[in-house]
Amino acid sequence: KFPVSSARPRGMLLKGVTKLGASRLAERVLSQYPQVIVRRRDERAAWIELRQLMYLVVPMPSDASKAGFLMNAFIELDNALGTSYAQEAKIRNATIDIQLVKLLALLVKHRCGLFIIEEGQEDHELSNVKFGRSFLTFFLRLLNTGIPTVLIGNPKAFNDASKVDKWFRR
């Protein structure tokens, strides 16, 4: 069964004019914290080792595709944790929906503390045909896992932000 947290989902839109520092601000804050904490054997928690992911920053793909977003996410996950999730055949050959679920499961498994989706530029408008309802539903799924989520980008990238705001403010 896929874990769903009983904690109230938390999310935030960080809007800023392109090239004026919203991403740089997030980068500076995150640089004060380790991205991964390696936790050793814990009998009570039933793990031998846990690579706890404190935060993960995933850039929006230049082609505004869900497949590109997922590949970016798996690559960033691999870079942070030293894993090979992006290369696993099950991920590459799976449908987009299965990949989304796999990504969420990995974020939960590694106890991700903050998920940041960066640089939602004007041409990546969340309401466009390429992302549509299924991409917005992905944000809801992410929030329902209890993982705090931040979307960073140009205000014009969030023209349909009422849907996103509704989920992030509940």
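**Fold, nonpolar cores and surface charge pairs**

The model is predicted, with local features requiring pLDDT of at least 70 and side-chain atom pairs counting only at pLDDT 80 or more, whereas totals for chains, interfaces and linings use all residues. Residues are numbered from 1 along each chain as its sequence is written, and side-chain values use heavy atoms, hydrogens and water being left out.

Of the 170 residues in the chain, 41% are buried; buried denotes under 20% relative accessible area, exposed over 50%, and partly exposed the range in between (1.4 Å probe, protein chains only). The accessible surface of the chain is about 9700 Å², and carbon and sulfur atoms contribute 52% of this area. Accessible areas come from the Shrake-Rupley method with a 1.4 Å probe, and for residues only the protein chains shown count as cover. Among contacts (heavy atoms within 4.5 Å) with a separation of 6 or more, 71% join residues 24 or more positions apart.

The largest nonpolar core comprises 28 residues, of which Leu53, Leu56, Leu77, Leu103, Leu107 and Phe115 touch the most other members. Such a core is a set of buried Ala, Val, Leu, Ile, Met, Phe, Trp, Tyr and Cys residues joined through side-chain atoms within 4.5 Å. At least two residues of this core come from each of β4 (56–59), α2 (66–81), α4 (96–109), β5 (115–120) and α5, and α2 gives the most, with seven residues. When neighbours within four places in sequence are set aside, the contacts of Leu77 are Leu53, Leu56, Gly82, Thr83, Tyr85, Leu103, Leu106 and Leu107. Another core lies apart from the largest one and has seven residues, including Ala26, Leu30, Tyr55 and Ile152.

Four salt bridges are found in the whole structure, a salt bridge being a side-chain nitrogen of Lys or Arg within 4 Å of a carboxyl oxygen of Asp or Glu. In helix α1 (residues 22–30), Arg24 and Glu27 lie three residues apart, about one turn of the helix, and they form a salt bridge with the closest N and O atoms 2.8 Å apart. Arg24 is exposed at 52% relative accessible area, while Glu27 is partly exposed at 45%. A salt bridge also joins Arg40 to Glu49, at 2.6 Å from N to O. Arg40 is exposed (57%) and Glu49 partly exposed (38%); together with Arg51, these two residues are linked in a network of salt bridges. In the salt bridge between Arg41 and Glu43, the closest N and O atoms are 2.7 Å apart, and both residues are exposed.

A nonpolar surface patch consists of Leu25, Val29 and Tyr33, which together have about 320 Å² of accessible area. Patches are made of residues with over 30% relative accessible area and no salt bridge, like charges being joined within 9 Å and nonpolar side chains (Val, Leu, Ile, Met, Phe, Trp, Tyr) within 5 Å. Tyr33 occupies the loop between α1 and β2 (36–39) and is exposed, with a relative accessible area of 52%. By contrast, Thr145, in the loop between α5 (132–144) and β6 (149–153), is buried at 9% relative accessible area.

Terms used:
Helices (H or I, at least four residues) and strands (E, at least two) are DSSP runs, numbered from the N terminus.
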